[in-house]
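Here are my notes for you on this protein model. Have the structure open while you read, and go through the points one by one.

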Amino acid sequence: TTLSTKSWVANIVNWDNAKMRFVLAFRGQTIDGHTFSIPQTLDEEKYLLADVKDWHENRTRTKLRAVGHELLEFPIGENELMERNYEILIRRLLRHDVDYFKMTWANNNKKRVINARKVPGFNFGLMKTGTSSLWKTLETIPELNDTKVSHYRCTATSEYQRLPKSVTDLKPGCSKHTCGQFVNVAVSLKRKPLDFFAELMQAQPDCLSIESGVAGLPQIKYLDEFVSAYKPDEAVFVLTTRSTEDWVNSILNWPSAKMRFVLAFRGLTIDGHTFILPRNLDEERALLADVKDWHENRTRTKLRAVGHELLEFPIGENELMERNYEILIRRLLGHEVDNFEMKWANKNKNLQLRRNEKKKRNSRKILL
């Protein structure tokens, strides 16, 4: 980065502390055969400052370019050159082109503003709607692998880790590293819901338990906070879903999950909607179906009312899923991905893992 020598000298002279530091550092010094003057007056100090700047910039150009480096110069005021080099710089830093950006270079020493399309993502889908498949298929993208996508358990930012224990003490039912816990803490501190996530994309935020109630479903409890915290260009929101009948059957086949949903929602009123108090299995089935349909319709209505493009992934509708998957990658990374494959599991791998683990435990008992 550079500025005209006259303007730079004037800036330094108007900053007494900086002028003194430069003069004391360089007066009478010899570097690479170049000897700087020992100034006696203000004019001689200005001459020394100009000499330091011109010598440093010319020496930098000569030495770097002598070994083949492409030195990208940003001379303030030469906008065409600056924009060209800025585009090259972004491409070199990210190793790919960025389709959309804005460079504003302030004249009063303020930070430049960059507007790109890389944004965090959050899935509002409930457990058992394809959240594991979303997580796994996103991890096949090299730039999203290695902790860029989370599922149920998340990584906290360093800022979160510095918070006092009294703030981060476990909320009822949400264990320490669950995604839902980070949302709970952020909202309690009046921060944006995704402020404490180290990952770029959260594929499943649930931390639903008997103790947590609806607080274990931040995609439901804090929907209004998400709506108010993020403009459409500041986050990408996803909704994984499947047929209500299939989802209800899946939850009924997971007794622990069924019990947690029923205890959390029975008789509850949210946004004017009251859920029933089930007395038998058929009514529990009706309650579960009501929870899912109400949640998904409420999410669609509230997010789209403020302009969010809610990307839905309805299992079985492959064409829509593939189209939205491509949009999701582009929004998360801020650029197109030319080569990717979307593999959406048809079987519930989480359930299979639990069954395998149960077999292992039974085997241990036999061995004992």
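Between which two strands is the loop that holds aspartate 271? Aspartate 271 sits in the loop between β9 (269–270) and β10 (273–274).

1. **Before you start.** This is a predicted model, where local features need pLDDT of at least 70, side-chain atom pairs count only at pLDDT 80 or more, and totals for chains, interfaces and linings use all residues. Residues are numbered from 1 along each chain as its sequence is written, and side-chain values use heavy atoms, with hydrogens and water left out.

2. **The overall picture.** The protein chain has 15 helices and 11 strands. Helices (H or I, at least four residues) and strands (E, at least two) are DSSP runs, numbered from the N terminus. Of its 368 residues, 42% count as buried. Buried means under 20% relative accessible area, exposed means over 50%, and partly exposed is in between (1.4 Å probe, protein chains only). Look at the contacts too (heavy atoms within 4.5 Å): of those in the protein chain with a separation of 6 or more, 63% come from residues 24 or more positions apart.

3. Aspartate 271 is partly exposed, at 48% relative accessible area. Aspartate 32 also has a positive phi of about 50 degrees, and it is not a glycine either. You'll find aspartate 32 in the loop between β1 (30–31) and β2 (34–35). With 51% relative accessibility, aspartate 32 counts as exposed.

4. **The disulfide.** How many disulfides does a search of the whole structure find? It finds one, a disulfide being a pair of cysteine sulfur atoms within 2.5 Å. The partners are cysteine 154 and cysteine 179, with their sulfur atoms 1.8 Å apart. The link of cysteine 154 and cysteine 179 is right-handed, with 80 degrees about the S-S bond. Cysteine 154 lies in the loop between β6 (149–150) and α6 (158–161) and cysteine 179 in helix α8 (residues 179–188), so the pair ties together parts that are 25 residues apart in sequence. Cysteine 154 is buried, at 6% relative accessibility, and cysteine 179 is buried too, at 0%.

5. **Helix α8.** Stay with the helix that holds cysteine 179. Nine of the 10 residues of α8 are buried, so this helix is largely enclosed by the rest of the structure. Among those buried residues are Cys179, Phe182, Val183 and Val187. What covers them includes β6, α6, α7 (165–168), β7, α9 and α10 (223–229). Just after α8, lysine 190 takes a positive phi of about 60 degrees.

6. **Threonine 157.** Now go to the loop between β6 and α6, where threonine 157 has its place. Is threonine 157 buried or exposed? It is buried, with a relative accessible area of 18%. Leaving aside residues up to four places away in sequence, threonine 157 touches Asp195, Phe196, Phe197 and Ala198. Threonine 157 and phenylalanine 196 are 39 residues apart in sequence, but 5.3 Å apart in space, C-alpha to C-alpha.

7. **Serine 212.** Serine 212 lies in the loop between β7 (201–202) and α9 (218–221). At 8% relative accessibility, serine 212 is buried. Between serine 212 and alanine 264 there are 7.9 Å in space, C-alpha to C-alpha, and the two are 52 residues apart in sequence.

8. **α11 against α12.** Two packed helices are described by the angle between their axes and the distance between the axes. Helix α11 (residues 244–252) and helix α12 (residues 255–265) pack at about 110 degrees, with their axes 6 Å apart. Axes are lines fitted to C-alpha atoms, for helices over the stretch in contact, and angles run from 0 to 180 degrees between N-to-C directions. α11 and α12 are therefore roughly perpendicular to each other (angles of 65 to 115 degrees count that way). Trp247, Ile251 and Leu252 of α11 meet Pro255, Ala257, Lys258 and Phe261 of α12.

Methods. Angles under 35 degrees count as roughly parallel, over 145 as roughly antiparallel, 65 to 115 as roughly perpendicular and the rest as oblique.
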